[in-house]
Amino acid sequence: MTSTSTPPGLVRLNTGEKRTVLAALHEACASTEWARRLLAGRPYATAEDLYAASDAATAELAVADLREAVAGHPPIGRPKPGDPASAREQRGMAGASAELKTEMLEMNLEYQELFGHVFLICATGRTGEQMRDALKERLGNAPEREWEIVRGELGMINRIRLARLVEEEPAP
């Protein structure tokens, strides 16, 4: 059986005050352009319509907008202090060995030096070893290829974060 009611977070995204909704979207993705596009597309009939708009906005971001979005993400293995979403997303590194954490730190620094931004991966559901292996592989990419991958990873992260916003119950 499916429910026809609109999720509470989607109602807030559709009807909320512009500044409040923009701030919530900016928490999901640090790209001002992405948030602006999603705000301009309101109202969304369904969560799937919102996700499709997110995908389209992410696909159209210029490299400068991607850089802005990536800058809002902490390095893998070092979630933002006090940010439960960041800790939840990087849970795969929480139980990693000291050796793996050291290896990730070193490769993160190498990646940042090579590409000029943090290594971005949709960490949700991935183990520390899977993230390490992806990082090792991506160190060999040309910058243009890496931006394509970053765009795809950002799109997945945005969908996960939007899904949380859509289903979020209002504060009491």
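**Exercise 1.** In this predicted model, determine which residue forms a salt bridge with Arg 126, and where the two partners lie.

*Solution.* Finally, consider accessibility: Arg 126 is partly exposed, with a relative accessible area of 27%, while Glu 153, at 9%, counts as buried because buried means under 20%.

**Exercise 2.** Describe the salt bridge between Arg 36 and Glu 33, and state which network includes these residues.

*Solution.* The two side chains meet at 2.6 Å, N to O. Arg 36 and Glu 33 are 3 residues apart in helix 3, and therefore separated by about one helical turn. Arg 36 is partly exposed at 43%, but Glu 33 is buried at 19% relative accessibility. Salt bridges that share partners join Glu 33, Arg 36, Arg 37 and Glu 60 into one network.

**Exercise 3.** Asp 65 has no salt bridge; is this residue buried or exposed, and which residues does Asp 65 touch?

*Solution.* Asp 65 lies in helix 5 (residues 63-71) and is buried. The nearest side chain of opposite charge, that of Arg 37, is 6.2 Å away, and a salt bridge requires a side-chain nitrogen within 4 Å of a carboxyl oxygen. Leaving aside residues up to four places away in sequence, Asp 65 touches Ser 31 and Glu 33.

**Exercise 4.** Determine how helix 1 (residues 8-15) is oriented against helix 10 (residues 143-167), and which residues make the contact.

*Solution.* The helices pack at an angle of about 95 degrees, with their axes 4 Å apart. Since angles of 65 to 115 degrees count as roughly perpendicular, helix 1 is roughly perpendicular to helix 10. Helix 1 contributes Pro 8, Gly 9, Leu 10, Arg 12 and Leu 13, and helix 10 contributes Leu 165, Val 166 and Glu 167. By type, these residues divide into 5 nonpolar, 1 polar and 2 charged.

**Exercise 5.** Asn 14 lies in helix 1; find which residues Asn 14 touches.

*Solution.* Asn 14 is buried, with a relative accessible area of 16%. Not counting residues up to four places away in sequence, Asn 14 touches Arg 42, Pro 43 and Tyr 44.

Notes. Residues are numbered from 1 along each chain as its sequence is written. This is a predicted model: local features need pLDDT of at least 70, side-chain atom pairs count only at pLDDT 80 or more; totals for chains, interfaces and linings use all residues. Side-chain values use heavy atoms; hydrogens and water are left out. Axes are lines fitted to C-alpha atoms, for helices over the stretch in contact, and angles run from 0 to 180 degrees between N-to-C directions. Helices (H or I, at least four residues) and strands (E, at least two) are DSSP runs, numbered from the N terminus. Angles under 35 degrees count as roughly parallel, over 145 as roughly antiparallel, 65 to 115 as roughly perpendicular and the rest as oblique. Contact means heavy atoms within 4.5 Å. Ala, Val, Leu, Ile, Met, Phe, Trp, Tyr, Cys and Pro count as nonpolar, Asp, Glu, Lys and Arg as charged, and the others, Gly among them, as polar. Buried means under 20% relative accessible area, exposed over 50%, partly exposed in between (1.4 Å probe, protein chains only). Lys and Arg count as positive and Asp and Glu as negative; His and the chain ends are not counted.
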